[in-house]
Amino acid sequence: MEKNIWRLMLVALVAVGLSACSGDANANGGDEAADAAPAQAEVTAAPEAEMEMAEADAMPQELPEGVTEAMIEEGKGIYSGAGICMSCHGPAGEGIPNLGANLVDDEWIHIDGSYEQIVENIMSGVTAQESSSGVPMPAKGGTAITDDQVKAVAAYVWTLSQ
Ligand code: HEC
């Protein structure tokens, strides 16, 4: 009889002990999960925030100084309009053999491809002696476009090779 009571007490103690332990374990596990969740959120959120900042920083820097999106849009119209660039360089700037050079690749014959040099090239043109085909490019393509229009079409030409 005495033996049975001890056994019962032992079972009760073990049961209490177990439930206390598992209670603790749950509480701890819960705390860890709660701690881990915000930490993980921070880890995943941080690169996105950095990327957004990098993009925001990169956007204005991508365009050469003095060039705006509006100029590029205007220049696109001048390229196939008042500037008649397309008549020698092709509708998409792909070039026309023995006439205007390819403007979409990153190989340049007369300049280094920088926005400044594209402006200068359009302003002064290419002489027959300089031209690889012997065909000259008249200053401003032989048109009466303004200096601002030259800058705009140069901005557009600059984007073609990027
Ligand atoms: C009458 C034909 C003609 C017209 C119009 C013309 N170009 Fe050209 N362009 C040329 C020729 C020819 C070259 C020199 C190609 C060569 O050396 O092979 C040239 C060269 C260039 C280059 C230098 C390319 C390089 O690889 O160094 C740029 C930039 C350029 N033209 C832009 C323009 C723009 C912009 C317009 C419009 C405003 C224009 N051109 C109008 C014929 C023309």
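Tutor: Let's start with T143, which lies in the loop between α4 (115-124) and α5 (147-160). Keep in mind that this is a predicted model.

Student: Why is T143 called buried?

Tutor: Its relative accessibility is 18%, and buried means under 20%. T143 therefore counts as buried.

Student: What makes the approach of the T143 side chain to the backbone oxygen of K140 a polar contact?

Tutor: The distance is 2.8 Å, and the cut-off is a pair of N or O atoms within 3.5 Å. The side chain of T143 also reaches the backbone nitrogen of I145, at 3.4 Å, which again falls within 3.5 Å.

Student: Which residues does T143 touch, leaving out those up to four places away in sequence?

Tutor: They are A82, G83 and I84. I84 itself sits in the loop between α2 (69-80) and α3.

Student: Is I84 buried, exposed or partly exposed, and how do you know?

Tutor: I84 has 43% relative accessibility. Buried is under 20% and exposed is over 50%, with partly exposed in between, so I84 counts as partly exposed. Its backbone deserves a look too: phi of I84 is near 40°, a positive value in a residue other than glycine.

Student: Where is N98, and what is its phi?

Tutor: N98 lies in the loop between α3 and α4, and its phi is near 60°, a positive value in a residue other than glycine.

Student: Why is N98 called exposed?

Tutor: N98 has 62% relative accessibility, and exposed means over 50%. That is why N98 counts as exposed.

Student: Now the ligand. Which residues are closest to it?

Tutor: The ligand is surrounded by 24 residues, and the closest are C85, C88, H89, S132 and M137.

Student: Which pocket does the ligand take up?

Tutor: The ligand takes up the space of the largest pocket.

Student: What does G113 touch, leaving out residues up to four places away?

Tutor: It touches W108, I118 and W158. G113 and V157 are 44 residues apart in sequence, yet 9.4 Å apart in space, C-alpha to C-alpha.

Student: And what is the pattern of the whole chain?

Tutor: Along the sequence the pattern is α-α-α-α-α, with 5 helices and 0 strands. Of its 162 residues, 25% count as buried. Among contacts between residues at least 6 apart in sequence, 52% join residues at least 24 apart.

Notes
Residues are numbered from 1 along each chain as its sequence is written. This is a predicted model: local features need pLDDT of at least 70, side-chain atom pairs count only at pLDDT 80 or more; totals for chains, interfaces and linings use all residues. Side-chain values use heavy atoms; hydrogens and water are left out. Helices (H or I, at least four residues) and strands (E, at least two) are DSSP runs, numbered from the N terminus. Buried means under 20% relative accessible area, exposed over 50%, partly exposed in between (1.4 Å probe, protein chains only). A polar contact is a pair of N or O atoms within 3.5 Å; within protein, one must be able to donate a hydrogen and the other to accept it, and residues adjacent in sequence count only if both atoms are side-chain atoms. Contact means heavy atoms within 4.5 Å. A residue is near a molecule or strand if one of its heavy atoms lies within 4 Å of it. On a 1 Å grid over the protein atoms alone, a cavity is a set of points where a 1.4 Å probe fits but cannot get out, and a pocket is an open set with protein on both sides within 12 Å along at least five of seven lines; lining residues have an atom within 4 Å of a point. A molecule sits in a cavity or pocket if more than half of its atoms lie within 2 Å of its grid points.
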